[in-house]
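Hi everyone, thanks for coming. I'd like to walk you through one protein model today, so please keep the picture in view while I talk.

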Amino acid sequence: MRPVDKGPDQGVFNPYQDAQQPLVKQIGEYCSYCERWIASAIHVEHKRPKKDYDNEKLLWTNFLLSCSNCNSGKGSGKLELMDYLWPDTDNTFLAFSYDSEGRILISSSLPDNLKAKAYRTWKILGLNCHPDESIAGFDEPTDKDKRWLHRRQAWQKALRQKQGLAVLDTTERRDSIAETAAERGMFSVWMTVFNDDPDIRKRLIKRFTGTAINCFDEEGNPISRFGGQL
Ligand SMILES: [Zn+2]
């Protein structure tokens, strides 16, 4: 999950929907959780559900952006922020791994307490939805949930770009790869496919609006976030 930087606290938005454009400007038109680029109807997402936390309903600090799939899975109910991992406060790139089939897995290198938080985050957002029934914890996606498929398609696209780069490697082509990626989202998939190419990784970090740059070192490798849980 791409770690994002929402910038300075912008305070109160009433109605909360007014925060949509400032959020898009700050962190790009991507779902904060599944990372898809959302052409329309991107929702202002409340980290703590607005029904249950009325006093946080209008606060910038409680906002992210999400697609309808990630939003609907979350629902309502009491939620302790520290029980989960969040892309605006943690380095969530360290929490999950991505593969060629569109699966999201919990990083095996996490300590147990963070693994439990990553697991809850994965479940509540439905990031565990994938038709593969062989993996423990996976749920069957609904017909309307194509997130896994979009991840798989992004992987294939990124791989084609990587193969093309092996044939002809120019600065222009490298720049174009980052641009292509940023047009459709799926930051983590692209970062994973280009795992061994620090130059492309740095371009992706820069090109995706609002990526938290303090979550990566000079070679584009993820590092712990200052003040975060990981
Ligand atoms: Zn989403």
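Let's start with two helices that pack together: H5, residues 171-184, and H7, residues 198-207. Keep in mind that this is a predicted model. The axes of H5 and H7 are 9 Å apart, and the angle between the two helices is about 45 degrees. That angle makes H5 oblique to H7. As for handedness, H5 and H7 cross in a right-handed way.

Which residues make this contact? On the H5 side you'll find Arg 174, Asp 175, Ile 177, Ala 178, Glu 179, Ala 181 and Ala 182, and on the H7 side Asp 199, Ile 200, Arg 203, Leu 204 and Arg 207. If you sort the residues of the H5 and H7 contact by type, you get six nonpolar and six charged, with no polar ones. Here is a handy bit of background for reading lists like that. An α-helix has 3.6 residues a turn, so residues three or four places apart point the same way.

Stay with H7 for a moment. Its buried residues are Ile 200, Arg 201, Arg 203, Leu 204 and Ile 205. What do the buried residues of H7 pack against? They pack against H5, and also against helix H6, which is 187-193.

Now H5 has another partner, helix H4, residues 147-167. The axes of H4 and H5 come within 11 Å and cross at roughly 175 degrees. H4 and H5 are therefore roughly antiparallel to each other. H4 brings Ala 154, Ala 158, Gln 161 and Leu 165 to this contact, while H5 brings Arg 173, Ile 177, Thr 180, Ala 181 and Arg 184. By type, the residues where H4 meets H5 come out as five nonpolar, two polar and two charged.

Let's zoom out. How many helices and strands does the protein chain have? Seven helices and four strands. Reading from the N terminus, the order is α-β-β-α-β-β-α-α-α-α-α. The radius of gyration is 17 Å, close to the 17 Å that the globule rule gives for 230 residues, so the chain is as compact as a globular protein of that length. Along its principal axes, the C-alpha atoms fill a box of roughly 55 × 40 × 35 Å. Buried residues account for 42% of the 230. And of the contacts between residues at least 6 apart in sequence, 63% join residues at least 24 apart.

Phe 93 gives us a close-up of contacts like these. You'll find Phe 93 in the loop between helix H2 (68-74) and strand S3 (96-98). Is Phe 93 buried or exposed? It counts as buried, because it has 26 C-beta neighbours inside 10 Å. Apart from neighbours within four places in sequence, Phe 93 is in contact with Met 1, Arg 2, Pro 3, Ser 188, Cys 215 and Pro 222. Phe 93 and Ser 68, by comparison, are 25 residues apart in sequence and 22 Å apart in space, C-alpha to C-alpha.

Next, the segment before helix H1 (20-27), where Tyr 16 lies. Leaving aside neighbours within four places, Tyr 16 is in contact with Val 44, Lys 57 and Leu 58. Pro 198 is 182 residues from Tyr 16 in sequence, and their C-alpha atoms are 38 Å apart.

I'll finish with some backbone details. Most residues other than glycine have a negative phi, and most peptide bonds are trans. So what kind of peptide bond joins Asn 14 and Pro 15? It's a cis bond, with omega about 5 degrees, and Pro 15 sits in the segment before H1.

Then look at phi. Ala 41 isn't a glycine, yet its phi is positive, about 60 degrees. Ala 41 lies in the loop between H1 and strand S1 (43-46), and with 7 other C-beta atoms within 10 Å it is exposed. Met 186 has a positive phi too, near 70 degrees. Met 186 is in the loop between H5 and H6, and its 29 C-beta neighbours inside 10 Å make it buried.

Key:
Residues are numbered from 1 along each chain as its sequence is written. This is a predicted model: local features need pLDDT of at least 70, side-chain atom pairs count only at pLDDT 80 or more; totals for chains, interfaces and linings use all residues. The radius of gyration is taken over C-alpha atoms; the globule rule is 2.2 Å times the number of residues to the power 0.38. A residue is buried if 20 or more other C-beta atoms lie within 10 Å of its own, exposed if 12 or fewer, and partly exposed in between; C-beta atoms are placed from the backbone. Two residues are in contact if their C-beta atoms, placed from the backbone, lie within 7 Å. Axes are lines fitted to C-alpha atoms, for helices over the stretch in contact, and angles run from 0 to 180 degrees between N-to-C directions. Angles under 35 degrees count as roughly parallel, over 145 as roughly antiparallel, 65 to 115 as roughly perpendicular and the rest as oblique. A crossing is left-handed if the near helix is turned anticlockwise from the far one by less than a right angle, and right-handed if clockwise. Ala, Val, Leu, Ile, Met, Phe, Trp, Tyr, Cys and Pro count as nonpolar, Asp, Glu, Lys and Arg as charged, and the others, Gly among them, as polar.
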